[in-house]
Amino acid sequence: MASVVAAAADLALVLDSQGVIRDLSLSSGQANELGDLRSWVGRRWIDTVTVESRPKISSMLAGAAAEGETPAGRVERQVNHPLAGGQELPVSYSLVPMGHQGRLLALGRNLSAVAAVQQRLVDAQQSMERDYLRLRHTEARYRLLFEAVDESLLVVDAVSLTVFEYNAAAARMLGEPSKRILGRSVIEFLTIESQAGAYAMFSQARSAGRADELSVQLINGGTELKLAASLFKQDSTSLLLLRLLQQGPATSQGATAAAEAPSLLSVVGAMPDAFVLTDMQGRILSANPAFVEMLQLPGNESVVGQSLDRWLGRSSVDLNVLISNLRQHGVLRLFPTTLRSGYGEPGAIEISAVSVPDGPRPCLGFSIRDVTRRLPADNRANRQLPRSADQLTGLVGRLPLKDIVGETTDLIERLCIEAALELTRDNRASAAEMLGLSRQSLYVKLRRYGIQDMGAEPND
């Protein structure tokens, strides 16, 4: 009998009339997986399951007691047994009356494998839902951008040239109802004279990935357009993105901007001061000829695409300070630093800059002025010493720290010597004693700073 039960169920429990487990049996294939469950013997069946499963056990025992030995008592119910480590063992039980002193036989099937499959299914469904939601958000952003741009855009099959998608600007330019654009060949919208060139252009785009712009005419009104094509792939399908660009200014506002822009560009290009336009990280987008001339670059080296800190300041610190201030305040005036030429020669400059974060392309503009002629020659023997803290702090960025410290030491020495001479009424012997110097050391410092004419005899 035990062999039959073991073959029919993964787990079999013998229960008395009070629902206490009197014996249990495991099938040979479940012994290793379920472990040692002999501790259940002598315990109430309801105490071996989780709190959520106890009502099910009570219902099964009550039903078995009410129905006796009739088949109605054999209803399968799934319960969970708590295991060590916080794990749970799902088992589906059916009760079979044994007809001996009210004993029952609980035949159980181990549902761990089914539960694992169900959990993987739930995880897969959640992952699919997340991917679907992310795809919907991406498609919504794509649709928004596709419809928001002013350019007329068409997505066509690279082989058949059938229109898959279009934006509102393309529908207005083609002058066709929306229902009559999808599914038609884009060639149908061009005049016969433009079709041959368009076929050649599309062939070039399929082979090279891009094609040069082509002037075409629409069959609707003969409108002159510039047609540009680029190839991309989607789900192993080759598609072409077509841009229809109207030749000439479309609006009076566009004409005014087009007329003003060359004038502004020519003024910036002719400025004697350097002007540089960079992105928000300091990478150069464009620069006027004055900047290139200031750098004295060898050959035809281009500055576009280079980081401005390649030539600006003694390290990248200066550019980081500039960008940080521009992000915080929007403008910066008369920032002193140095500019290294293409040959590594430093020159003193002043920078005024502005941040334009809200334009079509966020950028930073730098106006750079050469102020080398304003500064005295870098010769310690001949240059005038600074006389104030403001002048000393103004040297930051122009001189290394050790030179600034040297300037500070010289300033303090000179001020102390002048104060001692003033207190002693130019008595150098007393001044040397007051300063803790020998007379010879004092005379050397007097000559160094040019405080008095050393041709005269000291007034002792």
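## A buried aspartate

Asp279 is buried (under 20% relative accessible area; exposed is over 50%, and partly exposed lies in between, with a 1.4 Å probe and protein chains only) and yet has no salt bridge. A salt bridge here is a side-chain nitrogen of Lys or Arg within 4 Å of a carboxyl oxygen of Asp or Glu. The nearest side chain of opposite charge, Arg283, is 4.9 Å away; Lys and Arg count as positive, Asp and Glu as negative, and His and the chain ends are not counted.

This is a predicted model, in which local features need pLDDT of at least 70, side-chain atom pairs count only at pLDDT 80 or more, and totals for chains, interfaces and linings use all residues. Residues are numbered from 1 along each chain as its sequence is written, and side-chain values use heavy atoms, with hydrogens and water left out.

## Surroundings of Asp279

Asp279 sits in the loop between strand 11 (274–278) and strand 12 (284–287). Helices (H or I, at least four residues) and strands (E, at least two) are DSSP runs, numbered from the N terminus. The side chain of Asp279 reaches the backbone nitrogen of Gln281 at 3.0 Å, and it reaches that of Gly282 at 3.0 Å.

Neighbours within four places in sequence aside, Asp279 is in contact (heavy atoms within 4.5 Å) with Leu285, Pro362, Cys363 and Leu364.

## Salt bridges

A search of the whole structure finds twelve salt bridges. One of them joins Asp47 and Arg44, with the closest N and O atoms 3.3 Å apart. Asp47 is partly exposed at 31% relative accessibility, and Arg44 is partly exposed at 44%.

Glu76 and Arg109 also form a salt bridge, at 3.6 Å from N to O. Glu76 lies in the loop between helix 3 (54–67) and strand 3 (77–82) and Arg109 in strand 5 (residues 104–110), so the pair ties together parts 33 residues apart in sequence. Another salt bridge joins Lys445 to Glu413, at 3.1 Å between the closest N and O atoms. Lys445 is in helix 13 and Glu413 in helix 11 (residues 401–423), 32 residues apart.

## Two crossing helices

The axes of helix 12 (residues 428–435) and helix 13 (residues 439–449) come within 9 Å and cross at roughly 100°. The two helices are therefore roughly perpendicular to each other, a term for angles of 65 to 115 degrees. Residues that meet here include Ala432 and Leu435 in helix 12, and Leu442 and Leu446 in helix 13.

## The whole protein

The protein has 13 helices and 15 strands. Buried residues make up 35% of its 460 residues.

Technical notes: Polar contact = N/O pair within 3.5 Å; in protein donor to acceptor, adjacent residues only side chain to side chain. Axes fitted to C-alpha atoms, helices over the stretch in contact; angles between N-to-C directions. Parallel < 35°, antiparallel > 145°, perpendicular 65-115°, else oblique.
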